[in-house]
Amino acid sequence: MSKVGSSLYTRLHGIFKESPISTSKPRNQTKSKKFVSKSKKPTVSPASASGGDAVTSSNDAKATKDSKLTKKVEKFKRSCESESFRQVHGLYSAFIRRLREANKFSIIDEVLQHQKKYEDIKSEDFVIRMMLLYGYSGMADHAHKLFDEMPELNCERTNKSFNALLSAYVNSRKVDEAIKVFKELPEKLGITPDLVTYNTMIKALCRKGSMEDILSILEEVEKNGLEPDMITFNTLLEEFYRRDLFAEGDRIWDLMKSKSLVPNIRSYNSRVRGLTRNKKFADAVELTDVMKAEGISPDVHTYNAFITGYRGDNNLEEALKWYNEMKEEGLRPDTVTYCLLIPLVCKKGDLDRAVEMSEEAIKGKVLSRPNMYKPVIDGLVGEGKTDKAMQLVKDGKLQSYFRYLPGVSTGKKDTSSIPVEASVGDE
């Protein structure tokens, strides 16, 4: 082991002092502590008059799209009038995600600000949901503003909402701001950081790549008498294996087990990803056998790790082997699976299989990503199968893909029969 690796492990070993193996469950995280504290029409020159129809068509399409979006937003607001609707976080997250993907950040703020009219705003859990939605949308400053407004909203603030604020900054990838909030607000507001706080900061520092700061946080955890939990260890394992620090990662693994913490699927997946990324497929397969022997079944992320590794080698045969095994085990391929495989299948010239996969993804209502189906559409158009391409776009309600179809983007093809997409934004 390198000198650097040895020094790193020595510090980690000092932080995570081995304790006698106990059959008791790990201590729960500390409980939250309360604290107070109008546009002009484009002019067309004679030289560009021939393109006037296309410009007008484009403007009309944009106006239609904006009108549909406005109707969807108003419909969502009306739905919020129902108390039962407001209790379903998934409905909010799905709608906000669509707005985020469409870069409609002002509308995200409009929708979330709208929630202040309801009595739920006095509930810390409800406010936390809003803060996290801001964070996932890259709008951590809005989350912070909402956090500051909580006393005015007659909403109790505890370290739960403080932790949500940190998460909003981390999910917005504003790590430096998260560090600043972590250092300044606890003393100012009388907050005692708990294990959730520290785990959030460890995640933030892993993203920053500052190993020294990570170790300092871990030392603070021990100093405050807190015990690392599975989230702590899994975050560290993901970081070490991502950096290809296998020796250090394996020692963290042993330290975790010495704390009577049993590796779970996330622990194993971090290790599998590290192995497949380094083309150690035999070791990764052996590890999956160990998982199964321990009663842990591989999940879609395990299989995606193998598919990712083989895709990097352009090895379609092996990638499909894991894809097929995934389905045989009763697991549903996800967006990552199809984003990995569809372009590779097209690259290898098996357009029929690529179409089959695309139809399978659409039928399974798998969330699409930008250009996920583009290789298939291009392939079908290249072979003169425009009608088949059009049908695929229609079935998937993939409005943004019309630009890849001959004549559609210039208004030459009638698209009046194409169904309106039920969700916000183009896929």
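Visitor: Where is Y303 found?
Guide: Y303 is in helix 16. Helices here are DSSP runs of H or I with at least four residues, and strands are E runs of at least two, numbered from the N terminus.

Visitor: What kind of model is this, and how do the residue numbers work?
Guide: This is a predicted model, where local features need pLDDT of at least 70, side-chain atom pairs count only at pLDDT 80 or more, and totals for chains, interfaces and linings use all residues. Residues are numbered from 1 along each chain as its sequence is written, and side-chain values use heavy atoms, with hydrogens and water left out.

Visitor: Back to Y303. Buried or exposed?
Guide: Y303 is buried, with a relative accessible area of 2%. Buried means under 20% relative accessible area, exposed means over 50%, and partly exposed is in between (1.4 Å probe, protein chains only).

Visitor: What is Y303 in contact with?
Guide: Leave aside its neighbours within four places in sequence. Then Y303 is in contact with P298, W322, E325, M326, E329 and L331. Contact means heavy atoms within 4.5 Å.

Visitor: How far is Y303 from A319?
Guide: They are 16 residues apart in sequence. In space, their C-alpha atoms are 9.2 Å apart.

Visitor: New topic: helix 15. What span should it have?
Guide: Helix 15 covers residues 281–293, which is 13 residues, so at 1.5 Å a residue it should span 18 Å. Its end C-alpha atoms are 19 Å apart, which agrees. The expected span is 1.5 Å times one less than the number of residues.

Visitor: Which of its residues are buried?
Guide: In helix 15, F281, A284, L287, T288 and M291 are buried. They cover an arc of only 115 degrees around the axis, which puts them on the same side of helix 15. The arc is that of the directions from the helix axis to the C-beta atoms.

Visitor: Why would residues a few places apart point the same way?
Guide: An α-helix has 3.6 residues a turn, so residues three or four places apart point the same way.

Visitor: What covers the buried residues of helix 15, and what is on the face turned away?
Guide: The cover includes helix 14 (265–277) and helix 16 (300–312). The face turned away carries the exposed residues A282, E286 and A293.

Visitor: What comes just after helix 15?
Guide: G295, which takes a positive phi of about 85 degrees.

Visitor: Switching to rings. How many aromatic pairs are there?
Guide: The structure holds 10. Rings of Phe, Tyr and Trp (its six-membered ring) pair if their centres lie within 6.5 Å; planes under 30 degrees apart are stacked, over 60 edge-to-face, and the rest tilted. One of the pairs is W253 with Y268, edge-to-face, at 5.1 Å centre to centre and 75 degrees between the planes.

Visitor: Where do W253 and Y268 sit?
Guide: W253 is in helix 13 (residues 246–258) and Y268 in helix 14, 15 residues apart. W253 is buried, with a relative accessible area of 5%. Y268 is buried too, also at 5%.

Visitor: What about F281 and Y310?
Guide: Their ring centres are 3.9 Å apart and their planes are at 10 degrees, so the pair is stacked. F281 lies in helix 15 and Y310 in helix 16, so the pair ties together parts 29 residues apart in sequence.

Visitor: And the whole chain: how many helices and strands?
Guide: There are 21 helices and zero strands. Buried residues make up 45% of the 427 residues.
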